[in-house]
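Visitor: I have a model open and would like to learn how to read its features. Could you walk me through it?

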Amino acid sequence: QRLIRQADSEPLTGLLNRGAMERNIKAFLAGEGLGGRHALIMLDFDNFKAVNDTLGHAKGDDLLVSFASVIRRVFRAGDLSSRIGGDEYMVFLKNISEADLAQEKAEALRTEMTALSRKIGVPVSVSVGIALYREDAANFERLYKAADDALYYVKNHGKNAVSFYSALSPTDAK
């Protein structure tokens, strides 16, 4: 069990790694989550390079670990969370009754990032894209692409905001 947990974890933050996250979401959607409503949330830091450039990589790593702790605190124990690479994270919110819950959680993460940014003295924010299972996509691959499209809409339109895939125009969603 310890070896499996270690193989599925991203070493710096202890969150799931990208492969384990994908496997867990696919298994959930094929089983108990098949008929439910869920949200996939993609998060990417804005201006993270400035942390590494001005404070050093150790402080950058500290910020990544601190943000992982925020994710653990903001989301429920049964939700899935992952650092999928660099300064990019993914959270899968299980069994939500309203899309507003995903919005609230995303806004909480943005608020927490503001506090973390103030502590280190370098302006860092977080851009967020959200896709809903069934409304936006019916399998992991399409759900991931929809959340990623919503994230990059935010990145290309000012950053430090939250966007749902369903809010994008057909030309924004590629």
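**Reading helices, sheet and fold**

Guide: Let's start with a helix pair: helix α2 (residues 18–30) and helix α6 (residues 140–156) pack at about 120 degrees, with their axes 10 Å apart. Axes here are lines fitted to C-alpha atoms, for helices over the stretch in contact, and angles run from 0 to 180 degrees between N-to-C directions. Helices (H or I, at least four residues) and strands (E, at least two) are DSSP runs, numbered from the N terminus. One caveat: this is a predicted model, where local features need pLDDT of at least 70 and side-chain atom pairs count only at pLDDT 80 or more, while totals for chains, interfaces and linings use all residues. Residues are numbered from 1 along each chain as its sequence is written, and side-chain values use heavy atoms, with hydrogens and water left out.

Visitor: What do I call the arrangement of α2 and α6?

Guide: In general, two packed helices are described by the angle between their axes and the distance between the axes. Angles under 35 degrees count as roughly parallel, over 145 as roughly antiparallel, 65 to 115 as roughly perpendicular and the rest as oblique. So α2 and α6 are oblique to each other.

Visitor: Which residues make the contact?

Guide: Contact means heavy atoms within 4.5 Å. From α2 come Arg18, Glu22, Ile25, Lys26 and Leu29, and from α6 Phe140, Glu141 and Tyr144. By class, that gives four nonpolar, no polar and four charged residues. The classes are simple: Ala, Val, Leu, Ile, Met, Phe, Trp, Tyr, Cys and Pro count as nonpolar, Asp, Glu, Lys and Arg as charged, and the others, Gly among them, as polar.

Visitor: And how do α3 and α4 pack?

Guide: Helix α3 (residues 48–55) meets helix α4 (residues 57–74) at about 140 degrees, with axes 6 Å apart, which makes α3 oblique to α4. Phe48, Val51, Asn52 and Leu55 in α3 touch His57, Lys59, Gly60, Leu63 and Leu64 in α4. Sorted by class, this contact has five nonpolar, three polar and one charged.

Visitor: What is the strand order in the sheet?

Guide: Strands pair if DSSP finds at least two bridges between them. Here five strands form an open sheet in the order β2-β3-β1-β4-β5, with mixed pairing. The edges are β2 (80–85) and β5 (162–164), each pairing on one side only. Ignoring direction, neighbouring strands are turned by 20 degrees against each other on average. Strand β4 (residues 125–132) runs parallel to β5, joined by three bridges; isoleucine 130 has phenylalanine 164 in β5 as its bridge partner.

Visitor: Is leucine 80 buried or exposed?

Guide: Buried means under 20% relative accessible area, exposed over 50%, partly exposed in between (1.4 Å probe, protein chains only). Leucine 80, in strand β2, counts as buried because its relative accessibility is 12%. Leaving aside neighbours within four places in sequence, leucine 80 has contacts including Met21, Ile25 and Phe92.

Visitor: What about the whole protein?

Guide: The protein has six helices and five strands, following the pattern α-α-β-α-α-β-β-α-β-α-β. Buried residues make up 49% of its 174 residues.
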